[in-house]
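The following paragraphs lead from the protein as a whole to one pair of helices and then to a single residue. Please keep the sequence and the model in view while reading.

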Amino acid sequence: MSGGQLILAATPLGNVLDASPRLKQTLTEADLIAAEDTRKAKRLIQDLNLDLKAPIISFFEENEIEKIPELINKLKQGLKIVVISDAGTPAISDPGFKLVKQAITENISITVIPGPSAPTMAIALSGLPTDRFAFEGFAPRAQGARKSFYEKLRFEERTMVLFEAPHRLAESIADALAVFGADRSAAICREMTKTYEEVVRGSL
């Protein structure tokens, strides 16, 4: 291994009390923090009452490719860089995967601070089978692509976890209903760990 260390750190989904002691220590010891949203990162730091020495830079989907060479260069210089997303674990439907791939290529040390994860929490809350499941990420935005997406999953027997934006939820459920049928068991989990956490369980 060469240079510094790349750390993917899971952050609370909503309830700041879910922040682990290891997360707090890692953030305070970091040389640089790459955050999906710097404003939310600063709010988290404030809520955790941490005294940081590290600058916080923006690292989100649209600038990920552009930022990777800069971050790799800093890692080679020996810096400890922590990547955080808005909530949950980085690189899981959030920025980080491409950076990890490049860090592996460059033989740079990588570790993960485990913690909150929306897919596994939703599985546990759903009441659906947990012995085997598949995480499918976000459904496509366009209706035609979304229907094709569901068609490819028609015969999937494992419990599936999908992300969906609130304003597209009704349309997405209607498309799922058309493909999977009305009797398919389902659950909708929203605002997880927050004040208004809600789970709706039943059939599509």
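Helices (DSSP states H or I, at least four residues) and strands (state E, at least two residues) are DSSP runs, numbered from the N terminus. Axes are lines fitted to C-alpha atoms, for helices over the stretch in contact, and angles run from 0 to 180 degrees between N-to-C directions. The model is predicted, with local features requiring pLDDT of at least 70 and side-chain atom pairs counted only at pLDDT 80 or more, whereas totals for chains, interfaces and linings use all residues. Residues are numbered from 1 along each chain as its sequence is written, and side-chain values use heavy atoms, with hydrogens and water left out.

The protein contains 7 helices and 9 strands. Its C-alpha trace spans about 55 × 35 × 30 Å along the principal axes. Of its 204 residues, 37% count as buried, a term that denotes under 20% relative accessible area, with exposed meaning over 50% and partly exposed lying in between (1.4 Å probe, protein chains only). Contact means heavy atoms within 4.5 Å; among the contacts with a separation of 6 or more, 71% come from residues 24 or more positions apart.

Two packed helices are described by the angle between their axes and the distance between the axes. Helix H3 (residues 64–76) packs against helix H4 (residues 97–105) at an angle of about 35°, and their axes are 10 Å apart. On the H3 side, Glu64, Ile65, Ile68, Leu71 and Ile72 meet Phe97, Lys98, Leu99, Gln102 and Ala103 of H4. By class, this contact of H3 with H4 has 7 nonpolar, 1 polar and 2 charged residues; Ala, Val, Leu, Ile, Met, Phe, Trp, Tyr, Cys and Pro count as nonpolar, Asp, Glu, Lys and Arg as charged, and the others, Gly among them, as polar.

How far apart are the end C-alpha atoms of H3? They are 18 Å apart, which agrees with the 18 Å that its 13 residues should span at 1.5 Å a residue, because the expected span is 1.5 Å times one less than the number of residues. The buried residues of H3 are Glu64, Lys67, Ile68, Leu71, Ile72 and Leu75. Just after H3, Gly78 takes a positive phi of about 100°.

Lys67 lies in helix H3 and counts as buried because its relative accessibility is 18%. Leaving aside residues up to four places away in sequence, Lys67 touches Ser58 and Phe59.
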